[in-house]
Amino acid sequence: MIQPGRQSLNRIAVIGRGTAGSLAAASVTHQLEDGEYELHHIYDSRIPVIGVGEGSWPSLVQELAQLTNIPHEKIQCQIMGTRKYGVAFEGWGQCNRNFIHYFTPQQVSYAYHLAADLLAELLHESANAKHIDARVLSITRTDDSARIDFDGRESETYDLVFDARGFPKELNSEKEIDISFIPTNTAVIRRCPAIMQAEDGLVLQHTYTRAVARPHGWVFVIPLTAHTSYGYIFNREVSELEAVEADFDKLLDSDGVPEFEHRAVIQFPNFVNRKLFDGVVARIGNAAAFMEPLEATAIVSAQLQIGMVLHIRLNRAIEHIERDAIVVNRFLVNTILRYGLFVGWHYSCGSMYDSEFWDFAREHVWPTHRKVADPKQVDCNALTRFDEMLQLLKSPVIDKADWHKMCAVPLTSYAQISQGLGC
C-alpha cells in the first residue's frame, strides 16, 4: 500500500503509560510494521497507576486482537476481564426504573470489563518502543516537528507526539470546552471481592456494568475475575465526602459485600480540549477530553483519536498537514461533544431519589446544555445533530432511511435510553 505520509514519520513519541498511551504505542507498532522508525514511550515512573476496573465498547475486542495477535479468550484472561453486553441502569428516570442499554446486536455484541493496569501491561508487550523514564516539562511545536523538554535530560525532537498525560489541573475557557451540563466531578473508588469466577479464568456469562442511582449521584459496579470495582460518582460542591462514604457503605451492605479496599478519591473535570490535534502533537485520552464514566466513553474516544491521527499522517503528504489537522480536530471535538450530550441527557428525567443532587442535576445543570454546546461557542454542530436524534424519537414511525443514523452513538441507543428514562 502506498502511504504518502510514511516518509515523514521517522521519530514518534508517546507520553503517558495509562490506557490511552499504551494503546497509542501498540497502534504505532502495528501500523508501522517495517521497523523503519523510532518510537519512544515516555513516562514518569513516580506517577502511580491506579488499577481501576473499566468498561469499554465492542470495538476494543477486535482491536486488541489485532494489536496483540493473541486470541480473544487469552486476552480476556490476561486483563482479568468479563464480557460486557451493556449497561444495567437501576433507579434512573421517571418511568421504567430498571432497564438495560444493550450493545447492538442485542445479546450478541459485547465489550470487555477489564483491569486498566493489566490492559496497559498487555499492550506494552505488543509495542516495539524504547522506554524513557523522565518527567516532561513541555512540548513545543516547531514547523513539522515537536520538541519535548525533560527534567534532567536533554531535549528530543519528534515528527509526531501523542500526549496522554491526563487532564489539566484547571480548565481554561480559551483552551477547553467545559462540559458543565454533566453534574458530577468526583469519584470514590473501592475494590471489592470478585463475584465472577471460573476455573480456567475465562468467564463466558453475559455481564453488565451496573449504574446504580443513589441520593448523591450514582455508583458503577464492574465485575472482573480478580475483584469487583465499585465507584461512587458525585458532585463535591453538592455533597460532602463523609455523606457519600456513608451512603456507599449502605449500598455495599445491601449488595452483601462484607469488606472492601479503599482505592482513591479522584477529582475530574468534564471537558473537551479545543485543539486535540495540530498536525504534529495529538492530545489523546484524558489529555484530549474527559467525561464521567456513565457510558464508558473514555477508551473508545482514545481509539478514535489515535486511529484518525495515524490514518491522516500515514495517508496524506506532510505539505497538507496544516489543513488536514483543522478537519481532523473539528471532527474529533464534534464527536466527543456528542458523547457528552448523550451522557448529560441521562440526567434529564431525574431518578427515584428526590434529593439535592438530583434536583441540581435535572433542574439546574442539564438545562444549560444548549448554551454550553451552542455551535457559535464550540465551532461544531454537535447540538444540532443531538436535537435531530431526539426529534426522530418523537416520530410515530421512523423512516427506514433513518434507522442507521448516529450522533456519536446509534439511534438504537437513543431509543433504549429514552424508553428507559421515560423521556
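In the predicted model, Leu310 is in contact with Ser27, Val28, Gln31, Leu160 and Phe162, once its neighbours within four places in sequence are left aside. Leu310 belongs to helix H6, which comprises residues 297-315, and its relative accessible area of 1% places it among the buried residues, since the cut-off for that class is under 20%. Between Leu310 and Asp402 there are 92 residues in sequence, and their C-alpha atoms are 31 Å apart in space.

Gln305 is likewise a residue of helix H6, and it counts as buried because its relative accessibility is 1%, where buried means under 20%. When residues up to four places away in sequence are not counted, Gln305 touches Leu276, Arg283, Ile284, Gly285, Ala288, Leu332 and Ile336. Two of these contacts, Leu332 and Ile336, fall within the range of helix H7, residues 321-345.

Helix H7 lies across strands E12, E18 and E20, and runs at about 175° to E18. These three strands form an open sheet in the order E12-E18-E20, with antiparallel pairing. Strand E12 (176-178) and strand E20 (289-290) are at the edges of this sheet and have a single partner strand each, so that one side of each is left without a neighbour in the sheet. Strand E12 is joined by 3 bridges to strand E18 (residues 271-273), the two running antiparallel, and within this pair Asp178 has Phe271 of E18 as its bridge partner. In general, strands of a sheet pair through backbone hydrogen bonds, in either a parallel or an antiparallel manner.

Both manners of pairing are found around strand E14. Strand E14 is mostly covered, as 7 of its 9 residues are buried.

Strands E14 (206-214) and E15 (217-223), together with helix H9 (369-372), are included in what covers the buried residues of helix H8. In helix H8, which spans residues 356-365, the buried positions are Phe357, Trp358, Ala361 and Val365. Viewed down the axis of H8, these buried residues fall within an arc of 110°, and they therefore line one face of the helix. Glu356 and His364, on the other side of H8, are exposed.

Taken as a whole, the protein contains 12 helices and 22 strands. Its radius of gyration is 21 Å, close to the 22 Å that the globule rule gives for 423 residues, so the protein is as compact as a globular protein of that length. The C-alpha trace spans about 60 × 50 × 45 Å along its principal axes. Of the 423 residues, 56% count as buried, and the protein exposes about 18,800 Å², of which carbon and sulfur atoms supply 49%. Among contacts in the protein with a separation of 6 or more, 75% are accounted for by residues 24 or more positions apart.

How values were computed
Residues are numbered from 1 along each chain as its sequence is written. This is a predicted model: local features need pLDDT of at least 70, side-chain atom pairs count only at pLDDT 80 or more; totals for chains, interfaces and linings use all residues. Side-chain values use heavy atoms; hydrogens and water are left out. Two strands pair if DSSP finds at least two bridges between them. Helices (H or I, at least four residues) and strands (E, at least two) are DSSP runs, numbered from the N terminus. Contact means heavy atoms within 4.5 Å. Axes are lines fitted to C-alpha atoms, for helices over the stretch in contact, and angles run from 0 to 180 degrees between N-to-C directions. Buried means under 20% relative accessible area, exposed over 50%, partly exposed in between (1.4 Å probe, protein chains only). The arc is that of the directions from the helix axis to the C-beta atoms. The radius of gyration is taken over C-alpha atoms; the globule rule is 2.2 Å times the number of residues to the power 0.38. Accessible areas come from the Shrake-Rupley method with a 1.4 Å probe; for residues, only the protein chains shown count as cover.
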